[in-house]
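Please consult the sequence and the model while reading.

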Amino acid sequence: GLQVIWSDLGQRIFQYRLTSISNDIRNFTINLFHHHTIRGLFEQNKLELSERQKRHFRSDSSLKMGLVLFLENLLVYSLFDLNETNGGGVSLEGVLGSLNARTRWAAQNHDPPIGTSPKHELLVRQVSLGINGRYKTPFMQMGIINRDYSYPLGSETWTEIDRLFSDAGQWSQDSKHLQAAVGDIVRKAFRVSSSGGDIELSYRKCLETASNRGVDLRELYKRVFGQTSLIPPKVKRFLMNQMGLNIGAAGALYAALTKHIAYVNNKQYESIFSAALREEMTEHEKRLLEDIIQVEPHLSRLSYVFDRICSPETYSVDDVEGVARPVLEISAENAGSIEDIRSRIAAGSTTAAHRLRQIADVLLSGDVPTFVSGLYDYHKQVMDFRSLPVWFSLHGGRITHGTKTSVSADDSFDFRHPRWIHDFYLNTLNSLARGIGKA
């Protein structure tokens, strides 16, 4: 039940422009390319739907979701095909769906159908969990797409995107040729599928359609998206700016992380936050970092006690007296800070705010039995909300375990200066930093 709390505090900094599953700069760029392609097809009225197709899709939103699926799978099969034939210059690491593509590839005699229907998905619920699904929230926050997959009108962001794909650089020229070839393929798929609802075209027909333009589709995909290192610095800088990684608290964390990469590798998250405070930013942005520094030690201590309660070696409240009492003593010493968390940091009506206020109340319990009872009530409320069984139950002073746990007791825990257990998206930031490099 702590994830909603730490993720909310982290997103006060990142504003949902990055998440724990949107952490790959190549996938950011691929999604940008796909939406630039789809937007162009719609703006130039290049999609001619049959009456049956119009009835099937019903709205531009459903059609765009289908096209996203089509384009994602076309990319996956093209890169997979190249990797299978020569393997040179192509990395499938991080390419979502590439593992399942191997099975489909073999079953369909190296010529799988590519389409807009869910039956063509390479991932379960691909629209939600594929590249577009994972990066939809950041793209919405950046003003690139709206929730219904429409594109904001008169957007300066889109003016910048158009510029990325239209300058004289080789990558831009290759991406333009790729976009033109993909546009031909989509229109061909529409024509040959006019008698049905789904838009479908075999992979080999896709390659053939691109070759009519005089291009090798696979080689274009290789030159544009074959490896993260191929993405030009201008695109990486654009995405960095859109994610806010050059200003404020997010920029300070990014700068601190790139200067102290060993801190992330050693999971010294507090050290990165402390280093970030030395960067230039407004007082408001600085406060966002300080709030996390203030809250996380309490969450880490509480999580440690919870783990001990859930340990198979724990049978009663007395068994956790030795770990619960130090937490209560430290909480009493920091009562002012906890009250500030409750009244200021946890102000508001969100689920995260409500739960953080509950945590503050638990930390200020007067004695161990009340503390454990409060922690149980909090845990039960969270699990009831999820319609899941509780991990432990209280029967007077006796503790029983409802779910088998494999929690190990760590006797070396530092109550005064606990190691942070939550990363507040620093691992996401680190993954992005590796892909961005020296943009």
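Phe225 is buried, with a relative accessible area of 0%; buried means under 20% relative accessible area, exposed over 50%, and partly exposed in between, with a 1.4 Å probe and protein chains only. The model is predicted, so local features need pLDDT of at least 70 and side-chain atom pairs count only at pLDDT 80 or more, whereas totals for chains, interfaces and linings use all residues. Residues are numbered from 1 along each chain as its sequence is written, and side-chain values use heavy atoms, with hydrogens and water left out.

**Aromatic rings**

- A pair of aromatic rings is described by the distance of the centres and the angle of the planes.
- Rings of Phe, Tyr and Trp (its six-membered ring) pair if their centres lie within 6.5 Å; planes under 30 degrees apart count as stacked, over 60 as edge-to-face and the rest as tilted.
- By this rule there are 23 aromatic pairs.
- The ring centres of Trp171 and Phe225 are 6.4 Å apart and their planes lie at 85 degrees, so this pair is edge-to-face.
- Trp171 belongs to helix 9 (residues 170-192) and Phe225 to helix 11 (residues 217-225), so the pair ties together parts that are 54 residues apart in sequence; helices (H or I, at least four residues) and strands (E, at least two) are DSSP runs, numbered from the N terminus.
- Trp171 is also buried, with a relative accessible area of 8%.
- One aromatic cluster is formed by Trp6, Phe14, Phe273, Trp420, Phe424 and Tyr425.

**A charge over a ring**

- The charged end of Lys64 sits over the ring of Phe42, 4.8 Å from its centre; this requires NZ of Lys or CZ of Arg within 6 Å of the ring centre and within 35 degrees of the ring normal.

**Asp423**

- Asp423 is found in the loop between strand 4 (398-401) and helix 21 (426-436).
- With a relative accessible area of 14%, Asp423 is buried.
- Apart from its neighbours within four places in sequence, Asp423 is in contact (heavy atoms within 4.5 Å) with Trp6 and Tyr269.
- The C-alpha atoms of Asp423 and Arg308 are separated by 21 Å, and the two residues are 115 residues apart along the chain.
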